[in-house]
Amino acid sequence: MANFFTSSIGKKFIQSISGAFLIIFLLLHGTINFFSVIDSFKGQFGKVADDAVRFSAGDGWFQLGCDFMSTPVIDIMVPILALGFAVHILWGCWLTVDNYRRRGGLKRYEVASKAQNDSWSAKNMAVLGVIILGFLCFHLTHFWAKMQLQEFLGAEAENPYYLLLNTFRHWWVLALYIVWFFFIWLHLNHGFWSMFQTIGWNNKKWLPRLKVIGIVVSSLIILLFVATAVNAFIEANFVTASAQYTKPLLEAIAAL
């Protein structure tokens, strides 16, 4: 067993399985975030009930989604997915350093297949990973540190609608996030089919199909995040009376 995890196949297998955790985590996270866009179309953006009861009828969809993320099942599931996410990042960093040492040059972790040469992202997964990881730290200061971390510390979490508006009210922050989403899209495009290739689905029949499916899945995930960010920018800068909550909030933001 020890030889398996130190072998080339074992290293690829760990990276692939942890990548699957990453895809599931992003899909769940993106779906919950997209609820804020649905709130805007329903005229409920910023709607939070005063009763502080989970799943209150007075809450908007995004708040309900945040409540769902606090349920016991999700409390167990999310740390597992996040752990897989962390393993994917750390293992990828280790593979990059190990390959650099073994090959005597700055080369990425490679899958032995001609298909890897089809795209820039396939040749630069390590570079993409470093860029994504760097901006991830920036992203965590906007949301995780003010919500999940606060709950862990026993403090009151920030209102999720406020965090969206306060984060994306500046055009340059929105632009940075969209660029980041694009890099994630490139990473997922290659990572999706490479994950299946590692477990043996690399024949001529399935590989083209997996590449198309990978584009569809990664595009769906990124569209969820882009739509959330763009919608928050519009809400923060152009919507002035979407709810009783929104107008005072925008005035508070403008005073910052």
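Modeller: Gladly! Let me start with a cysteine: Cys 137 has a relative accessible area of 47% and is therefore partly exposed. On that scale, a residue is buried under 20% relative accessible area, exposed over 50% and partly exposed in between, with a 1.4 Å probe and protein chains only. Please keep in mind that this is a predicted model, in which local features need pLDDT of at least 70 and side-chain atom pairs count only at pLDDT 80 or more, while totals for chains, interfaces and linings use all residues. Residues are numbered from 1 along each chain as its sequence is written, and side-chain values use heavy atoms, with hydrogens and water left out.

Cys 66 is buried, because its relative accessible area is 14%. Cys 93 belongs to helix α4 (residues 72-103) and is partly exposed, because its relative accessibility is 35%. If a disulfide is taken as a pair of cysteine sulfur atoms within 2.5 Å, the count is 0 disulfides.

The axes of helix α3 (residues 61-68) and helix α8 (residues 160-168) cross at roughly 115 degrees and come within 9 Å. Here an axis is a line fitted to C-alpha atoms, for helices over the stretch in contact, and the angle runs from 0 to 180 degrees between N-to-C directions. The two helices, α3 and α8, are therefore roughly perpendicular; the classes are roughly parallel under 35 degrees, roughly antiparallel over 145, roughly perpendicular from 65 to 115, and oblique for the rest. On the α3 side, Trp 61, Phe 62, Gln 63 and Cys 66 make the contact, and on the α8 side Pro 160, Tyr 161 and Leu 164 do. Contact means heavy atoms within 4.5 Å. Sorted by class, the contact of α3 with α8 holds 6 nonpolar residues, 1 polar residue and no charged ones. In this scheme Ala, Val, Leu, Ile, Met, Phe, Trp, Tyr, Cys and Pro are nonpolar, Asp, Glu, Lys and Arg are charged, and the others, Gly among them, are polar.

From α8, Leu 164, Leu 165 and Phe 168 meet Thr 228, Ala 229, Ala 232, Phe 233, Glu 235, Ala 236 and Asn 237 of α10. The residues of this contact of α8 with α10 are 7 nonpolar, 2 polar and 1 charged.

Now to helix α6 (residues 125-142), where His 139 lies. His 139 is buried, because its relative accessible area is 16%. Leaving aside residues up to four places away in sequence, His 139 touches His 29, Tyr 177 and Trp 180. Phe 138 is also in α6, but Phe 138 is partly exposed at 29% relative accessible area. The C-alpha atoms of Phe 138 and Tyr 177 are 10.0 Å apart, while in sequence these residues are 39 apart.

Finally, the setting. The protein chain has 11 helices and 0 strands; helices (H or I, at least four residues) and strands (E, at least two) are DSSP runs, numbered from the N terminus. Of its 256 residues, 43% count as buried. Among contacts with a separation of 6 or more, 68% come from residues 24 or more positions apart.
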